[in-house]
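Grab a pencil and work through these exercises with the structure open beside you. Try each task yourself before you read its solution.

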Amino acid sequence: MAAWELGTVVKLFRKHTGLSQAGVARMVSIDQAEVSRLERGLKQIRDRRQFVQWTDALGVPKELLALLPTADPHTPDTTGQPGTADTGARGYAALPEGPGQLLLPAGRSVSTTALPVLILPAASFLGDSLRLDSRPELDAWRTMPMRALVVANRTVAGAVRQFVIDARPSGVCATASTPVDIPAAYELDDLTYGILWAVSGFEAALLGDDQLLHTSLAALTASSRLPFASDHGLTEVSRMLIGSEAAARYILGHRDHLGDAPVFWTREQHGEEAATWLFFRHKYRYLERMAPRHPSGTSGRGFCVPDAAVASSPAYERVLLFLAIALMEPFGIRTWVTDDAGFAHTDGFALSHGRRAVIASWVRTEGPSHLAVTSRSGALRRFADVTGHVSHHSATAGERAGQRLAATAEYLGLDASWLGRRCAQLSAVGTERFARPRSRLLGLEGLEAACKFTAEQLMIIPRTRTAPTR
């Protein structure tokens, strides 16, 4: 407990109770594979709130919680703004100066990614940017075609802060033999780390599958309902892309039959799955085309995010989930979140009340997607009951978008003020210079839109909120 070794705690728990990994998984409403990863040290819980939720679920005696430090002993305490305290930063890249690598952990589908990094002391910190003077090793680092990072170290108020930028210049006028200016908005914290984690993991898988993926997408264009074998050599991320694109095309093919403002149900529970909304190009185009056709129209989208899913997700992944939920709101889609795990296995769907439902699931399905259309009254009532219950008992209820986003941040254990401020900083300078994707299948439009809307809504958090009914 004192060392935050939850995997060991779980193994001891199973030894003394005789429960299997599957049994523990049922207790905390996650997959057995997640329990296995935790016990093998491939997954770690680095958040006190999540750790306590796990111990509550397992029935660990309360007196043992006294052994748990107030903060993760493996992570140095840092702040989210130069010179100010902020719980949104975790000090992920405590690496020595010089060349090295930033190891980004594996997720449920994303593989471990190692990014080359060159860490140098900042020559100056003026205004809103840090400057690294030109030097031979920096100039050479900036010519690497693969994704690599340049990190500037700067000691502020006695603490070492780190700011990250893509090593390769993105502007047409940029050259290698020039000073490097890194916006202060690119400080490495839960927000920027999560973005790098998702973009790097997605693009590594997609670029590795480029030829096979090109063939599969060409086949999908020819027939949106073409069955894909689950063992044809693609990575999990590529299967995510194919499954989500097949689902998007299928719903768009039935757009005219769904009315002006259908309601949606989605199966994403973790930031890794939800980040596809932020970075997969086709999903942003899908949102644009599915938005209510009239300016005053309002649609809705329900998410099922049980407490166990929140507890098992690191902070940076919860930030990605928050941004994906926030992305829906500027498209006229009101968001609802339920913590009722009983809805976790409901198929994803788009529903036109009283007319038809388009079933389109790709998250946690056997194949790349489950596609169907139904107008059966029983099925329509069942889907309407799901969205009706979630909309009236949302854990993130609020009359205005800002209220819902503040409630969503609270539910996910995130600081809404910090999110608003950091998203405003990123919106001011853009994310291109530190997160530019190498794959043509990825983009930053969704991320940029989510950050901009979050900044607009949370920079001044509404004082009145509708209390969530859970």
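**Exercise 1. Work out how many disulfides this predicted model has.**

Solution. Next, take Cys451 as a test case. Its closest cysteine sulfur belongs to Cys423 and lies 4.1 Å away. The cut-off is 2.5 Å, so that pair is too far apart for a bond. Across the model, the count comes to zero disulfides.

**Exercise 2. Decide whether Cys451 and Cys304 are buried or exposed.**

Solution. The cut-off you need is this: buried means under 20% relative accessible area. Cys451 has a relative accessible area of 1%, so it is buried. Cys304 comes in at 3%, so it counts as buried too.

**Exercise 3. Find the order of the strands in the open sheet, and say which strands stand at the edges.**

Solution. Go pair by pair.

- β2 (residues 113-121) pairs with β5 in the parallel sense, over five bridges. One spot to check is Leu120, whose bridge partner in β5 is Ala152.
- β5 and β6 (residues 159-166) run antiparallel and are joined by eight bridges. Here, Asn153 stands opposite Gln162 in β6.
- Now put the strands in a row: the four-strand order is β1-β2-β5-β6, and the pairing is mixed.
- β1 (98-104) and β6 each have a single partner strand, so they stand at the edges with one side left without a neighbour in the sheet.

On average, neighbouring strands in this sheet are turned by 35 degrees against each other, if you ignore direction.

**Exercise 4. Look at β5 again: which strand forms a hairpin with it, and which helix lies across the sheet's strands?**

Solution. First, follow the chain out of β5 (residues 149-156). β5 forms a hairpin with β6, and two residues sit between them. In that turn, Ala157 has a positive phi of about 55 degrees. Then check how covered β5 is: six of its eight residues are buried. Finally, look for the helix: α6 (residues 190-208) lies across β1, β2, β5 and β6, and runs at about 80 degrees to β1.

**Exercise 5. Find how many residues of helix α8 are buried.**

Solution. Locate α8 at residues 236-253, which makes 18 residues. Of these 18, 14 are buried, so you'd call the helix mostly covered. Its reach is 26 Å, close to the expected 26 Å.

Technical notes. Residues numbered from 1 in each chain as written. Predicted model: local features only at pLDDT ≥ 70, side-chain atom pairs only at ≥ 80, totals over all residues. Heavy atoms only, no water. Buried < 20%, exposed > 50% of the residue type's maximum accessible area, 1.4 Å probe, protein only. Pairing = 2+ DSSP bridges. Axes fitted to C-alpha atoms, helices over the stretch in contact; angles between N-to-C directions. Contact = heavy atoms within 4.5 Å. Expected span 1.5 Å × (residues − 1).
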